[in-house]
Structures are given as C-alpha cells and as structure tokens.
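Please read them with the coordinates open.

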Amino acid sequence: MLHLHPHWKAVILPVFWTVLLIAAVAVASVFLPDGGASSIALLVIGAVAFALFIWLAVAPFIVWRSTHFVFTNERVLLREGVFSREQRDIPLARVNDVSSKQSLLERMLGCGTLTVESAGERGQSVLRDIPKVVAVQKAVYQLVEADHERRTLDGEEMRQIMRERGGADPVK
C-alpha cells in the first residue's frame with residue numbers, strides 16, 4: 001500500500017557538504033598560484049575534498065536510499081542499512097497502537113516520527129523522518145482495522161460454518 005524512504009530533509013546536509021567542498025576546491029584553484037608546489041597543494045586539497053565528499057555526502061545519501069518503510073495489507077516492513085542490514089516485520093494483527101509526533105520544524109517540512117507499538121518481545125518501533133506522517137498514521141490505522149475485519153467472523157459466517165459442521169445454530 002505504501003513504500004516510503006525517510007523524508008528528503010535527510011539529504012539537506014549531504015547537499016550542503018557537496019556545495020561547500022566544490023566551493024573550497026574552486027577557491028583553492030583560483031587563489032593558489034600556478035606552478036610547482038601549488039599544483040601539489042591543489043591535488044592534495046582535491047583529494048581531501050573527494051574523501052570528505054564520499055564520507056559526508058555520498059554515504060548519507062546511500063543510507064537514505066537504502067532505508068525502506070513498507071506498509072502492506074498484511075504487515076509493516078522496516079529495512080535499514082547498507083553493509084549491515086536491520087530488518088523488522090510486524091504483522092498487522094499484532095499492531096496495538098500507531099502514533100505520530102511532529103516538532104514545529106517537522107510540521108513545516110511535512111514529516112515526523114511514527115511509533116508502531118506491537119504485541120511481542122520488541123514492543124515499539126520508532127520510525128523517524130516519515131514523510132506526511134499524519135496521513136501515514138491514518139493509512140496504517142485503516143490497514144490495521146481492515147486486517148482485523150478480514151480476520152473476524154461475523155454472525156452469519158459463524159452460522160454457516162456451524163451448519164457445515166453439523167452443529168447447532170449458535171445464535172438463536
């Protein structure tokens with residue numbers, strides 16, 4: 001039903017660092033004099049900027065893209081990590097509560113924290129930076145309700161099962 005990544009605000013810092021590192025290399029190339037040692041200095045500055053770019057921009061971007069929040073009609077799936085992976089599947093039948101929280105900045109950006117509380121050992125799963133968190137909370141609640149209705153027999157269905165098994169009508 002829903003397949004989400006964390007909110008785009010997670011890539012603001014990587015973009016900032018990319019712009020800053022490009023600017024630093026550009027400034028160094030303009031202000032360093034031509035020739036000899038300045039060429040080596042520019043090469044060192046470029047190499048350091050490239051290493052920082054990988055660490056401060058590329059790695060967070062890959063983490064952002066590899067984090068998945070999937071909501072189906074049967075379960076909530078959480079997938080995080082690049083090299084080491086953390087996964088969690090929560091059947092909708094075990095979901096007890098779904099709540100959301102937003103700071104003022106998150107309200108302006110349209111994101112927030114979604115907490116899915118489930119019956120079992122691990123209890124709560126806190127999903128940070130969920131885009132449109134209030135709409136997602138409502139959608140998850142509707143999925144939980146639909147799953148509950150799908151798993152629950154109404155009176156007519158119970159009578160039909162009892163008749164098929166040769167039992168008495170339980171609701172008379």
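Predicted model: local features only at pLDDT ≥ 70, side-chain atom pairs only at ≥ 80, totals over all residues.

1. S29 counts as partly exposed, because its relative accessibility is 39% and that class lies between the limits of under 20% for buried and over 50% for exposed. S29 sits in helix α1, which covers residues 12–31. Twelve residues along the chain from S29 is A41, and the C-alpha atoms of the two are separated by 9.5 Å.

2. The UniProt entry, which is unreviewed, lists residues 12–32 and 38–64 under "transmembrane region". In the model, residues 12–32 are 95% helix and 0% strand, with the end C-alpha atoms 30 Å apart. For residues 38–64 the figures are 100% helix and 0% strand, and the end C-alpha atoms are 37 Å apart. The annotation comes from the record, while the helix content is computed from the model.

3. Which strands pair over six bridges? β3 and β4 do, in the antiparallel sense. Within this pairing, L78 stands opposite R88 in β4. The hairpin of β3 and β4 has five residues between the strands, and G81 takes a positive phi near 110° there.

4. The largest pocket holds about 280 Å³ of space. It is lined by 18 residues, and those closest to its centre are T67, F69, E80, V126 and R128. Two or more lining residues come from each of α2 (36–65), β3 (75–80), β4 (86–91) and β7 (124–131). The largest share, five residues, belongs to β7. By class, the lining divides into nine nonpolar, three polar and six charged residues.

5. What is the size of the largest nonpolar core, in residues? The count is 18 residues, and F69, F71, V95, L114, L127, I130 and V136 have the most contacts inside it. Elements that give two or more residues to this core are β2 (68–71), β3, β5 (95–101), β6 (111–118), β7 and α4 (133–151). Helix α4 supplies the largest share, five residues.

Definitions and conventions:
Residues numbered from 1 in each chain as written. Heavy atoms only, no water. UniProt positions renumbered as here; feature names shortened; annotations may be inferred. Helix = DSSP H or I, 4+ residues; strand = E, 2+ residues; numbered from the N terminus. 1 Å grid on protein atoms, 1.4 Å probe; cavity = no way out; pocket = protein on both sides within 12 Å on 5 of 7 lines; lining within 4 Å. Points joined across faces, edges and corners; volume = space filled by probe spheres on them. Nonpolar A, V, L, I, M, F, W, Y, C, P; charged D, E, K, R; others polar. Pairing = 2+ DSSP bridges. Core = buried A, V, L, I, M, F, W, Y, C linked by side-chain atoms within 4.5 Å. Buried < 20%, exposed > 50% of the residue type's maximum accessible area, 1.4 Å probe, protein only.
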